[in-house]
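Welcome! Please take a look at the sequence and the 3D structure below, and then read on for a short tour.

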Amino acid sequence: MASPSRTNPPEPRWPAILGLLAVGALFLAIPGSLAVGPRWLLLLLLSLLLVPTILSRHYKRHALYIFLGHLLSAVMTLFLLLSLGLLIHKLFTHAEPPKSLLQSGGLLWLANILVFASWYWRLDAGGPHARAQRLGHPTGAFLFPQMTQDNPDAPEDDETPWSPHFIDYLFLAFNTSTAFSPTDTPVLSRWAKFLMLTQSIISLAITLILIARAINII
């Protein structure tokens, strides 16, 4: 392991935690007929999993921390896909008021961004723990603009070498859902291309549902 002077400073985890809780809060607002189980179920599951995840990091059980983190993202992804399936079903059966469909579509679109931002953050370059064991961010699944500078280890405002944080992956996920492409951040890894393809398909499906429902209302 590298010495502390040759590693990145600890990355704050609170933005990722807020992202998780935001997904649970979004599902609280989904109409009951379009929710997977009780609307509070996802938030409850995430909260229950979050406690041992935080404790495992505190006690340096890194393997357990990584496993629980992936489990958190997997649970969110499952709820997202199941809710999208319900949304598509309700659209074709005309069993739900237009307002509920539009509301659910918008909430799932936002959840899609947060869910895949979590995946990118957890998987890129081995995840936040592995990224903290090196200096800067020379390689990864995504080619961030900062990595193409003449000096990729140029210090940030706090005089530490640049390394991506959760907000960078959130920005990447937002661009993927809006432009259906990574825009300023090329994708280098096959697993990352698969995840971005999946996110784009989900975003496109939700967008088409919203457009179809809006046309029917007009």
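What share of the contacts in the chain with a separation of 6 or more comes from residues 24 or more positions apart? Such residues account for 71% of these contacts, where contact means heavy atoms within 4.5 Å.

This is a predicted model, in which local features need pLDDT of at least 70, side-chain atom pairs count only at pLDDT 80 or more, and totals for chains, interfaces and linings use all residues. Residues are numbered from 1 along each chain as its sequence is written, and side-chain values use heavy atoms, leaving out hydrogens and water.

The chain has seven helices and zero strands; these are DSSP runs numbered from the N terminus (helices: H or I, at least four residues; strands: E, at least two). Of its 218 residues, 43% count as buried, that is, under 20% relative accessible area with a 1.4 Å probe, protein chains only.

Phe116 sits in helix H4 (residues 98–123) and counts as buried because its relative accessibility is 1%.

| Residue | Contacts include |
|---|---|
| Phe116 | Leu80, Ala173, Leu195 and Ile202 |
| Phe142 | Tyr120, Met147, Trp191 and Met196 |

How values were computed: Buried means under 20% relative accessible area, exposed over 50%, partly exposed in between (1.4 Å probe, protein chains only). Lists of a residue's contacts leave out its neighbours within four places in sequence.
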